[in-house]
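User: I am new to this structure and would like to learn how its features are read. May we go through them one at a time?

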Amino acid sequence: DVYKRQGEDLEAILHIQRSGWQVWYNPAMELHHKIPPSRLQRGYLLKMFRGIGLSRHRTRMLSFPGWQRPLMLPVYALNDLRKLLRHSLIHGTGVFTDTVTACEVTLYFYSLLSPFYLWQRGLRQAIAKYRL
């Protein structure tokens, strides 16, 4: 499932940092990554950005202690809304036709929906567990 895979690397890094370990950036490091052409197609990219967006609430909240998380929800929601409106005003119909802009808008839109998606998914899992 694409929604379960997105953001795993960021989540791992956040857990490493929260455990007291340092994460370093090494600009001299080179990585050669072979990407098949199918991963550069519009449909794949939009699906990938949708998955990243839907997983974003979880990775965002890892940076905050539990008591701060509810306070950050409206802050992130307003920021995502701001980005959506800004892109719509700047790019007009390009939000639907230009692949890069469409990916950005998809990320912001699904980031906005992310907490509700994750809550709904958790509720479904709890209900399924209860029924067993």
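Analyst: Let us begin with a definition: a salt bridge is a side-chain nitrogen of Lys or Arg within 4 Å of a carboxyl oxygen of Asp or Glu. Side chains of opposite charge can pair when their charged atoms come close. Please keep in mind that this is a predicted model.

User: How many salt bridges does a search of the whole structure find?

Analyst: The search finds one. The side chains of D80 and R60 form a salt bridge, with an N to O distance of 2.9 Å. D80 belongs to helix α4 (residues 69-91) and R60 to helix α3, so the pair ties together parts that are 20 residues apart in sequence.

User: Are D80 and R60 buried or exposed?

Analyst: Both D80 and R60 are buried.

User: How is the burial of a single residue judged?

Analyst: Relative accessible area is the guide: buried means under 20%, and exposed means over 50%. H57, in helix α3, has a relative accessible area of 15% and is therefore buried. Leaving aside residues up to four places away in sequence, H57 touches L73, S114, P115 and L118. W24 is placed in the loop between α2 (8-18) and α3. Between the C-alpha atoms of W24 and T101 there are 30 Å, and the two residues are 77 apart along the chain.

User: Where does α6 bend?

Analyst: The bend in α6 is at S114 and amounts to about 45°. A proline, P115, follows within four residues.

User: Which residues of α6 are buried, and what covers them?

Analyst: An α-helix has 3.6 residues a turn, so residues three or four places apart point the same way. In α6 the buried residues include T101, V105, Y108, L112, S114 and P115. The cover over the buried residues of α6 includes α3, α4 and α5 (94-97).

User: How does one describe the way α3 and α6 cross?

Analyst: One gives the approach of the axes, the angle and the handedness. The axes of helix α3 (residues 42-61) and helix α6 (residues 99-131) come within 7 Å and cross at roughly 35°. The crossing of these helices, α3 and α6, is right-handed. Sorted by class, the contact of α3 with α6 has twelve nonpolar, seven polar and five charged residues.

Methods: Residues numbered from 1 in each chain as written. Predicted model: local features only at pLDDT ≥ 70, side-chain atom pairs only at ≥ 80, totals over all residues. Heavy atoms only, no water. Axes fitted to C-alpha atoms, helices over the stretch in contact; angles between N-to-C directions. Helix = DSSP H or I, 4+ residues; strand = E, 2+ residues; numbered from the N terminus. Left-handed = near helix turned anticlockwise from the far one by under 90°. Nonpolar A, V, L, I, M, F, W, Y, C, P; charged D, E, K, R; others polar. Buried < 20%, exposed > 50% of the residue type's maximum accessible area, 1.4 Å probe, protein only. Bend = angle between axes of the 7 residues up to and from the residue. Contact = heavy atoms within 4.5 Å.
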